[in-house]
Amino acid sequence: TNNMKTIAFFADGDATIGLGHLTRLRSLANYLKGPLYIFSRTPHYAKQIFGDFHRALIIDVSNTQPKYLARFIHQSKQNIGVLVLDPPIIKNRPDATSGPAWQAFVDRLRHYNIKVVRITDEAKASNHCCDLLINDHPLAKSFVENYLTYCPQMKIRCGLEYFLIDRDHKNTGGAKVNRLLVSFGGGDQSNLLTRFSEAFDSLSQNIPIDLVVGPAANNVPELNSSVRVYHSIHQKEFASLLGGAKAALTAAGNTMFERVFHKIPGLSVAQFRHQDSFGWEFQALGLTQHLGLGIEISPPNLVRVIQRFWDNEKKHKKQIAASELLSFTDGCETIVKDIQKKRKSDIVWMND
């Protein structure tokens, strides 16, 4: 087994950029066997997300200059065969995550004979050249030709069914409860918990609420006792809360995908512009009622909209029917098989 190629991840997460990139890779890790190396410029949050993976080694690269990163990864002597790259969306620098911004890094890794899997959720195609490109933006199916024109030999998986749904979400059987689940993601970039705290207090008089606060959310408001608040809970517990809810209000990131996977009707608000594009596309597909950017929604309006939605069985049924047309499970299996091919055949993979 000494020539067994290992798989490495590169991602960051914190209160400003959210934890979606790290949790996405954790979901991928959940399908893999063997040791894992996570290179991160935010090791604190990487440890929080991968903490229960005994086979994950977090390698702090926060002091490594970007131009030396590829060499550092190559020289880390971990016999890396594949690197999965999922760089963070930076709020006011939309190009920071584009293909060109990371191409020199990718080229250097490939020069060292490390295959690169690039995860993006860009809403417009940029030029990428790597071994496997995954884009789960709902519009991404229409980018395939752009991507291939620039890099014809690249393997491409595009479309929202290529979202990496965590295994923990797959086995959540359990009774439905008459509750509203609220979650704004791993961080709370727009401070929506504070913004809407009075709205939740007022709603909770008629609607029982479970509020899940992510590990990177800094300000947790005092809420009345009829709102059940959950802090930094394990993915399994979150999955069963979400899967058991009557409806949900989420940010328009990973949690919205997970909500659709569980076929839970609901509403979404965006933490920032990039998320907003996901929300509107999900609404166009009948999968959510999207309310726009969180910071532009008045708390009284949020209360009205949620109360109206809560009682609207017809809307619930429509969303559930739309979510039944999607299969994230097939998308995940395809990605895992793709990555498996990029590695040597002597790797043992966990069966689903």
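**Questions on buried residues, rings and cysteines**

Q: Is Ser126 buried or exposed?
A: The relative accessible area of Ser126 is 15%, and buried means under 20% relative accessible area, exposed over 50% and partly exposed in between (1.4 Å probe, protein chains only). This is a predicted model, in which local features need pLDDT of at least 70 and side-chain atom pairs count only at pLDDT 80 or more, while totals for chains, interfaces and linings use all residues. Residues are numbered from 1 along each chain as its sequence is written, and side-chain values use heavy atoms, with hydrogens and water left out. With its 15%, Ser126 is therefore buried.

Q: With the side chain of which residue does the side chain of Ser126 make a polar contact?
A: Ser126 lies in the loop between strand 5 (115-120) and strand 6 (132-135), where strands (E, at least two residues) and helices (H or I, at least four) are DSSP runs numbered from the N terminus. Leaving aside neighbours within four places in sequence, Ser126 is in contact (heavy atoms within 4.5 Å) with Ser98, Gly99, Pro100 and Tyr147. A polar contact is a pair of N or O atoms within 3.5 Å; within protein, one must be able to donate a hydrogen and the other to accept it, and residues adjacent in sequence count only if both atoms are side-chain atoms. At 3.3 Å, the side-chain partner of Ser126 is His128.

Q: What is the distance between the sulfur atoms of Cys129 and Cys151?
A: The torsion about the S-S bond of Cys129 and Cys151 is about 55 degrees, so the disulfide is right-handed. The pair links distant parts of the chain, 22 residues apart, with Cys129 in the loop between strand 5 and strand 6 and Cys151 in the loop between helix 5 (144-150) and strand 7 (155-158). Both Cys129 and Cys151 are buried. A disulfide is a pair of cysteine sulfur atoms within 2.5 Å, and in this pair the separation is 2.2 Å.

Q: How far from the sulfur of Cys332 is the nearest cysteine sulfur?
A: Cys130 is buried at 3% relative accessibility, and its sulfur is 6.7 Å from the closest cysteine sulfur, that of Cys151, which is too far for a bond. Cys332 is likewise in no disulfide, and its nearest cysteine sulfur, in Cys158, lies at a distance of 15 Å.

Q: What is the angle between the ring planes of Phe10 and Phe105?
A: Rings of Phe, Tyr and Trp (its six-membered ring) pair if their centres lie within 6.5 Å, with planes under 30 degrees apart counted as stacked, over 60 as edge-to-face and the rest as tilted. The structure holds 15 aromatic pairs, among them the tilted pair of Phe10 and Phe105, 5.7 Å centre to centre. Because Phe10 lies in strand 1 (residues 6-11) and Phe105 in helix 4, the pair ties together parts that are 95 residues apart in sequence.

Q: Which residue's backbone oxygen does the side chain of Ser190 reach?
A: Ser190 is found in the loop between strand 8 (180-183) and helix 6 (192-195) and counts as buried at 13% relative accessibility. Not counting residues up to four places away in sequence, Ser190 touches Gln271 and Ile295. The backbone oxygen that its side chain reaches, at 2.3 Å, belongs to Gln271.
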